[in-house]
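This report describes a protein model element by element. The sequence and structure come first, followed by the account.

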Amino acid sequence: MSTYPPTQCGIATFTEDTVNAIQKIYGKSISCEICEITFKGEADKSSAYHLPSKNREAYAAVANDINKDDAVKLVHIQHEFGLFGGEFGNYLLDFLEVIKKPIAYTFHSVIPNPDKKLKAIVRLLCSYSEAIFVMTNQSKKILMEEYGINEKDIALVEHGTHLVRYESTDQAKKKLALEDRLILSTFGLLGEGKSIETGLKALPQIVAQFPNVLYLILGKTHPNTIVDNVDHYRNSLEAIVKELHLEKNVRFVNEYLEVHELLDYLKATDVYLFTSKDPNQAVSGTFSYAMSCSCPIVASKIPHTLESLTSDIGILADIQDSDQFAKATLKLLSDSELRTHMALNAYAKTTKTSWENTALKHIKTYQKIATDLSKIKINYPEINMDHQKAMTSDLGIFQFCKISEPDLDAGYTIDDNARALIAMCKHYKLKGEETDIPYIKIYLDFIVRCQLKKGNFINYVDQFNVVEPKNSNENLEDSNGRAIWALGYLLSLENGTLPASIVYKATLSINKTLTFAKELHSPRAIAFAVKGLYQLYLVTPTERVLNLLNHLSKKLEKTYINTASKNWNWFEEKLTYANSVLPEALLISFVVTGNEAHKKIALESMDFLISKMFFNDKFKIISNQGWHEKGAIPHEYGEQPIEACYMMYGLDLFYQTFGDPMYKKNLKLAFDWFLGKNHLNHIMYNPITGGCYDGLEKGNVNLNQGAESTVCYLSARLLVESYTSKGKIIELPTGKKINAKNAAFLRFNEVKSATGTDNSVNESLGFNFKKKDITLTTLGKKREVTLK
């Protein structure tokens with residue numbers, strides 16, 4: 001229940017953003033309907049319900065209508081005293097007396113030092129509710145200490161912010177043809193409460209030192225302040241501009257800007273001026289938006305800014321003190337490094353308050369107060385390869401990013417290019433997009449470029465394609481194992497889907513490394529190599545590949561036997577990184593060779609690993625800050641996206657092999673970690689860039705979106721696509737022709753032979769037709785298979 005666009009007010013915009021975020025994240029499970037509050041005329045026709053604010057009889061009537069709607073599970077009221085009729089908006093009580101659905105509020109104003117009447121009305125409102133959302137700690141404190149509201153009834157969810165692609169002000173200014181100006185800005189529906197005159201009166205001091213300053217005043221005038229079609233407030237501001245001779249330094253953008261236009265202006269801003277004069281303003285959306293667009297800020301002291309504007313983000317000034325605003329602005333304009341530092345800090349601080357993250361927190365609270373919401377599921381985001389492609393040059397994929405911009409100085413690694421090759425091959429396998437092929441070629445060429453005469457690989461290459469000295473000082477076995485895995489995966493794609501030149505080059509490279517691979521000692525390097533050899537064996541079932549796979553698997557078996565003990569069914573004395581590839585490799589050995597000992601170890605070790613990473617329907621990644629040593633309390637935090645991806649790979653193979661739904665359930669829980677099911681309730685991918693954040697710490701995420709994290713998220717997303725409704729596992733009976741167009745996996749039970757419209761059916765499965773539960777990954781294209 002709220003005002004809603006096309007009504008132009010801050011709460012209408014806030015509600016629209018909240019609803020859009022919930023629909024985006026949960027739209028396949030639930031929908032949000034609007035009971036639109038209006039002051040003049042009718043509601044928008046798209047609104048499910050309508051509440052004319054000044055019509056007291058309408059309050060009980062609309063409550064009765066909502067009560068009759070079984071689909072409505074709760075009513076969330078966006079509360080501001082002025083939205084509702086009566087003294088302190090007390091007409092709302094008529095609605096609350098009748099409504100039978102659970103009630104939640106968002107209090108947009110929490111007024112300190114209330115008199116008896118205000119305190120009584122707020123306490124009465126709260127008595128009808130199941131949950132009260134506030135946006136600052138100060139608001140929560142006031143409700144508890146001054147209104148006597150129980151803490152358990154209050155949910156703190158900070159004002160949402162739009163995720164934006166980080167870019168420097170210089171880049172943003174080019175879009176607006178403002179390259180030669182220093183930009184100050186303020187935005188919002190103009191009214192006296194904004195106190196824009198404070199910024200205008202500070203401007204002469206600023207212009208005296210920086211004549212190229214341009215102050216952008218963005219936004220239309222609030223309709224409630226226009227009387228008889230006369231815009232008195234804007235007229236007064238224009239008069240100040242003329243009086244102070246600031247015509248060349250002030251620009252009014254008298255428009256209700258679309259979000260993307262507003263964000264472009266804010267990203268081009270050198271210093272944002274927040275000049276509100278309301279000392280009791282609990283929260284400001286304009287302030288939050290400016291922070292999310294990485295604006296250094298000079299702000300008047302209201303509860304929201306006092307709580308959120310730390311000294312590493314901006315400078316506070318007394319309300320309506322133009323001199324303080326001028327001095328603070330001059331300090332920031334005089335120090336570009338300080339502005340850059342503040343910009344990055346502001347961006348980092350507001351990423352956790354993205355609308356996507358606020359949607360998670362809203363639903364979490366809704367589930368506590370309403371029935372039938374326990375099974376709400378998060379929508380899987382669209383598959384977006386843009387960031388991986390943006391990080392890729394003609395040589396390969398860059399190792400790191402600064403936020404979302406490739407860090408050229410970091411150079412390249414075979415680790416990342418191997419992972420990128422697998423992800424792009426997975427995407428090509430799923431989508432069949434020809435535009436993927438040039439990237440597949442780039443990553444393959446990088447791997448070949450790194451191969452030495454003996455067949456082994458270097459790992460590090462700088463941005464100028466020069467081999468880095470540290471290749472001689474590090475153990476590169478794991479990197480070599482990843483390269484073998486990537487080459488094998490590429491070759492496992494069906495015949496004819498990739499250009500012959502790519503297949504030929506990959507074949508030469510992997511054949512060259514087979515002799516070297518025999519000497520691998522690192523358990524993970526061995527496991528990666530086994531994964532690659534398995535993929536190679538699917539298409540080239542030679543004795544040499546089989547013997548090498550068996551040889552390496554026995555090394556892993558020996559490692560396990562020498563280390564595992566009671567209550568520690570593992571290959572090493574501690575759990576570290578990429579743990580799941582170890583049991584996965586031994587399960588591969590069982591699938592290929594039928595070695596029962598390897599099956600036993602695979603099951604024991606995977607069950608042990610699951611017991612350390614899954615608790616109460618949540619996935620917890622082994623911390624990279626000390627790992628998990630045998631007999632010790634595991635370290636916390638320091639969680640890396642790669643671990644979720646690798647665990648999903650392993651669980652996928654276990655599910656395909658044994659059909660135990662527990663593996664499938666845990667696979668999806670591991671993917672949910674990316675979607676915000678983690679200790680911070682923070683989504684780990686960035687839907688704007690297509691990247692993935694580099695790590696989850698105790699109280700924040702690492703906002704850099706490097707190659708490892710991004711590629712691993714994309715691989716995980718591509719894998720989970722096979723478990724959606726369009727990519728389900730289909731049990732096929734023998735002796736019957738099946739159209740398998742929409743299957744991601746075909747499971748064959750006790751099959752001796754198969755024929756089909758695509759000869760690769762036989763090539764993919766010919767080595768293993770007599771085994772149970774054989775799987776074949778399809779391309780989502782039409783295929784008919786007859787089983788015997």
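## Strand 4 and its partners

Which residue in strand 4 is the bridge partner of isoleucine 77? The bridge partner of isoleucine 77 is tyrosine 105. The model is predicted, so local features need pLDDT of at least 70 and side-chain atom pairs count only at pLDDT 80 or more, while totals for chains, interfaces and linings use all residues. Residues are numbered from 1 along each chain as its sequence is written, and side-chain values use heavy atoms, with hydrogens and water left out. Helices (H or I, at least four residues) and strands (E, at least two) are DSSP runs, numbered from the N terminus. Two strands pair if DSSP finds at least two bridges between them.

Strand 3 (residues 75-79) and strand 4 are parallel and share five bridges. Between strand 3 and strand 4 the chain passes through helix 3 (residues 92-98), in a right-handed β-α-β crossover. Right-handed here means that, with the strands pointing away from the viewer, the path from the first strand over the helix to the second runs clockwise. Strand 4 is also parallel to strand 5, with three bridges between them, and alanine 104 stands opposite alanine 131 in strand 5. The chain goes from strand 4 to strand 5 through helix 4, and this β-α-β crossover is right-handed.

Five of the five residues of strand 4 are buried, so strand 4 is largely enclosed by the rest of the structure. Buried means under 20% relative accessible area, exposed over 50%, and partly exposed in between (1.4 Å probe, protein chains only). Ile103, Tyr105 and Phe107 point one way from the strand, and Ala104 and Thr106 point the other way.

## Helix 5

In helix 5 (residues 137-147), the buried residues are Ser139, Lys140, Ile142, Leu143 and Tyr147. Seen down the helix axis, these buried residues fall within an arc of 160°, so they line one face of helix 5. The arc is that of the directions from the helix axis to the C-beta atoms.

The buried residues of helix 5 pack against strand 4 (103-107), helix 4 (116-127), strand 5 (131-134) and strand 6 (154-156). Just after helix 5, glycine 148 has a positive phi of about 70°.

Six strands form an open sheet in the order 9-8-7-10-11-12, with parallel pairing. Strand 9 (250-253) and strand 12 (314-317) are at the edges with a single partner strand each, so one side of each has no neighbour in the sheet. On average, neighbouring strands of this sheet are turned by 20° against each other, direction ignored. Axes are lines fitted to C-alpha atoms, for helices over the stretch in contact, and angles run from 0 to 180 degrees between N-to-C directions.

Strand 10 (residues 271-274) runs parallel to strand 11 (residues 297-300), and three bridges join them. Phenylalanine 274 has alanine 299 in strand 11 as its bridge partner. Helix 7 (residues 196-209) packs on the sheet and touches strand 7 (182-187), strand 8 (213-218), strand 9 and strand 10. The direction of helix 7 makes about 175° with that of strand 8.

## Nonpolar cores

A nonpolar core is a set of buried Ala, Val, Leu, Ile, Met, Phe, Trp, Tyr and Cys residues joined through side-chain atoms within 4.5 Å. The largest core has 179 residues, and of these Ile297 and Leu490 touch the most other members.

Contact means heavy atoms within 4.5 Å. Leaving aside neighbours within four places in sequence, leucine 490 contacts Leu421, Cys425, Ile440, Leu444, Leu498, Ile502 and Ala506. Leucine 444 lies in helix 17 (residues 437-449) and is buried, with a relative accessible area of 0%. Leucine 444 and alanine 418 are 26 residues apart in sequence, with their C-alpha atoms 7.8 Å apart.

## Backbone details

A cis peptide bond, with omega about 20°, joins proline 5 and proline 6. Proline 6 is in the segment before helix 1 (10-26).

Asparagine 113 is not a glycine, yet has a positive phi of about 50°. Asparagine 113 is in the loop between strand 4 and helix 4, and is exposed at 67% relative accessibility. Histidine 245 also has a positive phi, near 55°. Histidine 245 sits in the loop between helix 8 (232-243) and strand 9, and is exposed with a relative accessible area of 65%.
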